[in-house]
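Open your viewer and get ready to click along. We will pick out a few residues and look at what surrounds each of them.

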Amino acid sequence: GDVSVMLFPRVVERLNLANAPDAEESDPGADGFPAKEGHIRWFELAGSRFENVEAIFSLAKTGQWAGMYLDGLVGEGVLQHFNVIFDYTHSRAAFWPGGHRKIVGEVALSGKTITTYEDGYIDEYDSKTGKHRWIAP
(Lines give C-alpha, C1' and ligand atoms only; values in the text may rest on other atoms or scores of the structure.)
Protein backbone atom coordinates (compact mmCIF):
# COMPACT_ATOMS: atom_id res chain seq x y z
CA GLY A 1 0.00 0.00 0.00
CA ASP A 2 0.92 3.66 0.00
CA VAL A 3 3.04 4.77 2.93
CA SER A 4 0.99 7.00 5.17
CA VAL A 5 3.65 8.44 7.48
CA MET A 6 7.37 8.22 8.12
CA LEU A 7 8.40 8.82 11.69
CA PHE A 8 11.92 9.93 12.57
CA PRO A 9 14.11 8.36 15.29
CA ARG A 10 13.26 10.60 18.24
CA VAL A 11 9.54 9.78 17.84
CA VAL A 12 10.27 6.10 17.13
CA GLU A 13 12.33 5.91 20.32
CA ARG A 14 9.90 7.94 22.45
CA LEU A 15 6.95 5.71 21.43
CA ASN A 16 9.02 2.49 21.27
CA LEU A 17 7.73 1.86 17.73
CA ALA A 18 10.72 -0.21 16.60
CA ASN A 19 9.51 -2.88 19.03
CA ALA A 20 5.85 -2.77 17.97
CA PRO A 21 4.38 -6.26 17.41
CA ASP A 22 4.13 -5.84 13.62
CA ALA A 23 7.37 -3.85 13.10
CA GLU A 24 9.50 -5.61 10.49
CA GLU A 25 12.87 -4.80 8.94
CA SER A 26 12.45 -2.57 5.91
CA ASP A 27 14.31 -2.82 2.62
CA PRO A 28 16.71 0.17 2.75
CA GLY A 29 16.11 0.94 -0.93
CA ALA A 30 18.12 3.52 -2.85
CA ASP A 31 18.60 5.82 0.16
CA GLY A 32 20.11 3.01 2.24
CA PHE A 33 18.90 4.16 5.66
CA PRO A 34 17.96 1.65 8.39
CA ALA A 35 14.23 1.45 9.07
CA LYS A 36 11.35 -0.76 10.09
CA GLU A 37 7.83 -0.90 8.66
CA GLY A 38 4.67 -1.32 10.68
CA HIS A 39 1.46 0.38 11.71
CA ILE A 40 0.44 2.98 14.24
CA ARG A 41 -3.02 2.84 15.81
CA TRP A 42 -4.05 6.31 14.64
CA PHE A 43 -2.85 9.58 13.18
CA GLU A 44 -4.77 12.87 12.97
CA LEU A 45 -4.35 15.66 10.43
CA ALA A 46 -6.65 18.68 9.96
CA GLY A 47 -9.44 17.16 12.04
CA SER A 48 -9.37 13.86 10.14
CA ARG A 49 -8.40 10.78 12.11
CA PHE A 50 -6.79 7.81 10.35
CA GLU A 51 -6.73 4.40 12.00
CA ASN A 52 -4.34 1.47 11.49
CA VAL A 53 -1.89 3.74 9.66
CA GLU A 54 0.91 2.19 7.60
CA ALA A 55 4.23 3.71 8.67
CA ILE A 56 7.97 3.63 8.20
CA PHE A 57 10.03 3.99 11.37
CA SER A 58 13.41 5.54 10.55
CA LEU A 59 16.29 4.23 12.65
CA ALA A 60 18.91 6.49 11.00
CA LYS A 61 21.48 8.07 13.30
CA THR A 62 22.69 10.71 10.83
CA GLY A 63 21.61 12.35 7.58
CA GLN A 64 18.27 13.51 6.26
CA TRP A 65 16.30 10.52 7.60
CA ALA A 66 17.52 11.15 11.16
CA GLY A 67 15.06 14.05 11.33
CA MET A 68 17.06 16.39 13.48
CA TYR A 69 14.38 19.13 13.31
CA LEU A 70 11.28 17.14 12.33
CA ASP A 71 9.15 14.38 13.83
CA GLY A 72 8.34 12.84 10.46
CA LEU A 73 6.72 13.14 7.06
CA VAL A 74 3.15 12.71 5.85
CA GLY A 75 2.88 10.51 2.77
CA GLU A 76 0.49 9.61 -0.03
CA GLY A 77 -1.48 7.20 2.16
CA VAL A 78 -2.78 10.19 4.16
CA LEU A 79 -2.56 13.03 1.63
CA GLN A 80 -4.72 11.19 -0.93
CA HIS A 81 -7.70 11.90 1.34
CA PHE A 82 -7.30 15.67 0.94
CA ASN A 83 -7.23 18.46 -1.56
CA VAL A 84 -4.15 20.38 -0.42
CA ILE A 85 -4.32 24.15 -0.87
CA PHE A 86 -1.15 26.24 -0.58
CA ASP A 87 -1.37 29.91 0.41
CA TYR A 88 2.15 31.07 -0.40
CA THR A 89 1.42 34.72 0.43
CA HIS A 90 0.60 33.84 4.05
CA SER A 91 2.95 30.81 4.38
CA ARG A 92 0.25 28.29 5.17
CA ALA A 93 -1.50 25.24 3.77
CA ALA A 94 -5.02 23.88 4.10
CA PHE A 95 -6.08 20.25 3.95
CA TRP A 96 -9.64 19.98 2.60
CA PRO A 97 -11.11 16.48 3.11
CA GLY A 98 -12.14 14.62 -0.01
CA GLY A 99 -9.21 14.29 -2.36
CA HIS A 100 -9.66 12.53 -5.67
CA ARG A 101 -11.25 9.24 -4.66
CA LYS A 102 -14.09 7.39 -6.33
CA ILE A 103 -17.13 7.07 -4.02
CA VAL A 104 -18.98 3.76 -4.20
CA GLY A 105 -21.52 4.34 -1.43
CA GLU A 106 -22.74 6.88 1.10
CA VAL A 107 -25.27 6.81 3.92
CA ALA A 108 -26.29 9.37 6.58
CA LEU A 109 -27.23 8.21 10.08
CA SER A 110 -27.78 10.20 13.27
CA GLY A 111 -25.54 13.16 12.43
CA LYS A 112 -22.87 11.02 10.78
CA THR A 113 -22.20 10.41 7.12
CA ILE A 114 -20.47 7.17 6.18
CA THR A 115 -18.76 7.21 2.77
CA THR A 116 -17.11 4.16 1.22
CA TYR A 117 -14.55 4.41 -1.55
CA GLU A 118 -13.52 2.12 -4.38
CA ASP A 119 -10.17 1.32 -2.72
CA GLY A 120 -11.87 0.13 0.49
CA TYR A 121 -11.31 3.21 2.65
CA ILE A 122 -14.22 4.42 4.76
CA ASP A 123 -14.77 8.04 5.85
CA GLU A 124 -16.97 8.57 8.90
CA TYR A 125 -17.89 12.28 9.08
CA ASP A 126 -19.47 13.64 12.28
CA SER A 127 -21.49 16.76 11.43
CA LYS A 128 -21.64 17.81 15.11
CA THR A 129 -17.87 18.00 15.55
CA GLY A 130 -16.91 18.57 11.92
CA LYS A 131 -14.33 15.78 12.18
CA HIS A 132 -13.55 12.95 9.79
CA ARG A 133 -12.40 9.47 10.89
CA TRP A 134 -10.77 7.44 8.13
CA ILE A 135 -10.71 3.66 8.37
CA ALA A 136 -8.19 1.76 6.26
CA PRO A 137 -9.26 -1.37 4.36
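Strands here are DSSP runs of E with at least two residues, numbered from the N terminus. Keep in mind that this is a predicted model.

**Stop one: H132.** Select strand β11, residues 131-135, and you will find H132 in it. Is H132 buried or exposed? With a relative accessible area of 14%, H132 counts as buried, because the cut-off for buried is under 20%. Now show side chains: that of H132 makes a polar contact with the side chain of D123 at 2.9 Å. Apart from neighbours within four places in sequence, H132 is also in contact with other residues, including G47, S48, R49 and P97.

**Stop two: S4.** Next, go to the segment before β1, where S4 sits. S4 is buried too, as its relative accessible area is 5%. Which residues does S4 touch, beyond those up to four places away in sequence? They are V53, E54, L73, V74, G75, G77 and V78.

**Stop three: the nonpolar cores.** Select V5, L7, I40, F43, F50, F57 and V78, the residues with the most contacts inside the largest nonpolar core, which has 20 residues. Elements giving two or more residues to this core are β1, α1, β3 and β4, and β4 brings the largest share, four residues. Zoom in on F43: leaving out neighbours within four places in sequence, its contacts include V5, F50, V74 and V78. Finally, select F33, A35, A60 and W65, which are among the eight residues of a second, separate core.

Methods: Residues are numbered from 1 along each chain as its sequence is written. This is a predicted model: local features need pLDDT of at least 70, side-chain atom pairs count only at pLDDT 80 or more; totals for chains, interfaces and linings use all residues. Side-chain values use heavy atoms; hydrogens and water are left out. A nonpolar core is a set of buried Ala, Val, Leu, Ile, Met, Phe, Trp, Tyr and Cys residues joined through side-chain atoms within 4.5 Å. Buried means under 20% relative accessible area, exposed over 50%, partly exposed in between (1.4 Å probe, protein chains only). Contact means heavy atoms within 4.5 Å. A polar contact is a pair of N or O atoms within 3.5 Å; within protein, one must be able to donate a hydrogen and the other to accept it, and residues adjacent in sequence count only if both atoms are side-chain atoms.
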